[in-house]
Amino acid sequence: MSGVDRGLREKPPEDAVTVDLEVPFHDVDPLLVAWHGHYYKYFEIARQALQRKHQLDAPDLVALGFHWYVIETRSRHVSPLRYAEPFTVKAWFCERDPRIGIAYEVVSKKTGKRAARGVTVLVTTRPDGEMLLETPREILERISPS
């Protein structure tokens with residue numbers, strides 16, 4: 001099973017980053033349910049927090065001489081989030097080399113139920129766009145478990 005597949009099945013590790021959010025009005029459909037496409041925005045907010053925690057936010061990557069590009073995203077929706085419902089998104093690394101896999105879990109703070117899970121897969125490139133076939137040591141040092 002790949003890291004990405006594990007990311008969609010395993011529980012978040014203790015070192016997962018957690019962000020607290022609330023479903024805004026502009027994210028809901030006429031039934032006041034969060035539209036499924038907005039979950040990727042929620043994943044992105046958690047991914048940014050995870051990258052900042054590991055000093056790999058976009059400016060950090062550029063300073064190291066690398067870029068990350070999303071090449072794949074997946075999500076599974078379990079129960080809907082509704083207007084003004086508070087929820088948490090956890091994010092963690094589920095694959096480190098040669099690709100970067102980041103897994104997500106969205107849980108309603110109102111019901112305690114899981115709303116969705118997801119995975120984003122990224123590749124590392126040089127600034128000129130050349131894709132690297134291995135994750136650079138400078139990045140692995142920042143995301144490897146201690």
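Trainee: Where is the place of Phe-25?

Mentor: This is a predicted model, in which local features need pLDDT of at least 70, side-chain atom pairs count only at pLDDT 80 or more, and totals for chains, interfaces and linings use all residues. Residues are numbered from 1 along each chain as its sequence is written, and side-chain values use heavy atoms, with hydrogens and water left out. Helices (DSSP runs of H or I, at least four residues) and strands (E, at least two) are numbered from the N terminus. On that numbering, Phe-25 lies in the loop between strand 1 and helix 2.

Trainee: Is Phe-25 buried or exposed?

Mentor: Buried means under 20% relative accessible area, exposed over 50%, and partly exposed in between (1.4 Å probe, protein chains only). Phe-25 has a relative accessible area of 56% and is therefore exposed.

Trainee: How many bridges pair strand 1 with strand 3?

Mentor: Strand 3 comprises residues 86-95 and pairs with strand 1 in the antiparallel sense. Val-17 stands opposite Ala-91, and Glu-22 opposite Pro-86. The number of bridges is 6.

Trainee: How many of the 10 residues of strand 3 are buried?

Mentor: Strand 3 is also joined to strand 4, by 8 antiparallel bridges and by a hairpin through 4 residues. Strand 3 is largely enclosed by the rest of the structure, because the count of its buried residues is 8.

Methods
Two strands pair if DSSP finds at least two bridges between them.
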